[in-house]
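Hi,

Here is the structure I promised to pass on. Have a look at it first, and my notes follow below.

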Amino acid sequence: MAKQEDQFKKVISHAKEYGYIFQSSEIYDGLSAVYDYAQNGVELKKNIREYWWKAMVQMNENIVGIDASILMHPTTWKASGHVDAFNDPLIDNKDSKKRYRADVLVEDYCAKIEAKIDKEVKKAAKRFGDSFDKEQFLATNGRVLGYQEKINSILSRLAKSLENEDLADVKALIEELEIADPLTGSKNWTDVKQFNLMFGTQLGASADSSMQVYLRPETAQGIFVNFLNVQKTGRMKIPFGIAQTGKAFRNEIVARQFIFRMREFEQMEMQFFIKPGTQQEWYKHWKETRLKWHLSLGMGEDNYRFHDHEKLAHYADAAADIEFKFPFGFKELEGIHSRTDFDLKQHEEFSGKKLQYFDHEENKSYVPYVLETSIGLDRMFLAVFSNSLQEEELENGTSRVVLKLPAVLAPVKATIMPLTNKDGLPEIAQKIYKELRWEFNTIIDDQGVSIGKRYRRQDAAGTPFCITVDHDTLEDNTVTIRHRDSMEQKRVKIDDLRDIIKQEVDMRTWLMKM
Ligand code: ATP
């Protein structure tokens, strides 16, 4: 556990030191769970967004994008159920005065039991060596089965109590399991209460004409209310999707995990409109497709897993998360939800307008069903960033810190370094920069320190290529190109740089792995 915490601390300080993420309004001591993206962070975030947009919109002829407003008519949130039901169960510890999400306390308790299962597996793998069959072990080992049964019974009781709004039972569960405040160990809890996560504000200047509105807690509703506009003007035929990226706001109860859980964050969502009855098939399709998108970035198959929901949201008939192994364990990165016709039907009812599709093949109108894929851009950023930050032992006995970002996402693709700041080398560096910048985000590093030190800084900043201009360049128009991951250095012609870099950073090459 301590090792995990150390690693996470390193991620946070590295993100600051290398210009990725700053605390919001830091000079005023920051604002809890609100962060700013710095000069490198904004590029990485933009590249992730573009990688998603290309895969979802550009590469699918039946998916289009929109950009709806953050502020929407307040009835939207009555209809969607957010005013009445977008709550989290909150519990306070009377001694420490710390506030927690009651469901998360229980889930974390189960995660600890799961860690025990992992330990048993590791022990057995060591004991049995090559003949170890993990599946069989999980299915037959008495101790593991006992642990698993315990987890299942706790989670299904939690799901049932939350569904029935039986908050007294959630508290009873916490007490029965003897769950203590993780920070202080106290078991002195208040009752569990519901807490609405939406931020409200006033629209309009005068007291009598102003209206209570909300900062949207998800981007999805902007898509639903525009469903018919897009379908008609785009002449879209079912099945088709509408995608959107944008800010969402949630007044999260506990926000202690850096950009994993923020109060202002960005979502990348796609609502796929389908014929009722086909939802199982599309659910399976989008689960597979989205996992392939993640795997295309090469961050390791073992770092992902599906988690099928026990407790379904009020709108869903099936739901799964793609979980990622963050520095603090496996947690939700993306949700895939079969939302039925809940949202469109609600908006029909509250607006009094029909939101139906006329199906020429079936010769009838219906309210489509919806399959949603929803991923947090900031969470994806954290997944990429934390997974990429590595400390490597080198052959010569030293070590280096390297940020092995997938090259396609790296903020800066190449850094050009004149060996010295004289003899015309800076001018050549400028010339190369001016050529490469048309296609790649490129910078010049002409700080007077040694090339080795400059390489290390770029390794830690995540730049896939360094290009060194030296005195030989004056003679033969060649430079040294150094690769971040292999540290291999090659002498190449200046004219070939563009193709060499393109080969590794081109989105096409990466997306083709899907
Ligand atoms: P959680 O259970 O972690 O609170 P959720 O199930 O409420 O998440 P959804 O409503 O399904 O999340 O939102 C879709 C995605 O938006 C999530 O998978 C996550 O990546 C992202 N997301 C949700 N809340 C936040 C937040 N507070 N900060 C950053 N990203 C978030």
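Which polar backbone atom lies 3.4 Å from a nitrogen atom of the ligand? It belongs to Phe260. Please keep in mind that this is a predicted model.

On its own the ligand has 590 Å² of accessible area, and the protein covers 86% of that.

Strand β13 supplies the largest share, with five residues. The ligand has 17 residues around it, and those that come nearest are Glu252, Arg261, Met262, Glu332 and Leu333. Sorted by class, the shell holds seven charged, five polar and five nonpolar residues.

Elsewhere in the model you will find an open sheet of three strands in the order β5-β4-β6, paired antiparallel. Its edge strands, β5 (99-101) and β6 (193-196), each pair on one side only. On average, neighbouring strands here are turned by 45° against each other, direction ignored. Strand β4 (residues 87-92) is joined to β6 by four bridges, and Asn87 has Asn196 in β6 as its bridge partner. Helix α5 (residues 102-128) packs on this sheet, where it touches β4 and β5, and its direction makes about 70° with that of β5.

Definitions and conventions. Residues are numbered from 1 along each chain as its sequence is written. This is a predicted model: local features need pLDDT of at least 70, side-chain atom pairs count only at pLDDT 80 or more; totals for chains, interfaces and linings use all residues. Side-chain values use heavy atoms; hydrogens and water are left out. Two strands pair if DSSP finds at least two bridges between them. Helices (H or I, at least four residues) and strands (E, at least two) are DSSP runs, numbered from the N terminus. Axes are lines fitted to C-alpha atoms, for helices over the stretch in contact, and angles run from 0 to 180 degrees between N-to-C directions. Contact means heavy atoms within 4.5 Å. A residue is near a molecule or strand if one of its heavy atoms lies within 4 Å of it. A polar contact is a pair of N or O atoms within 3.5 Å; within protein, one must be able to donate a hydrogen and the other to accept it, and residues adjacent in sequence count only if both atoms are side-chain atoms. Accessible areas come from the Shrake-Rupley method with a 1.4 Å probe; for residues, only the protein chains shown count as cover. Ala, Val, Leu, Ile, Met, Phe, Trp, Tyr, Cys and Pro count as nonpolar, Asp, Glu, Lys and Arg as charged, and the others, Gly among them, as polar.
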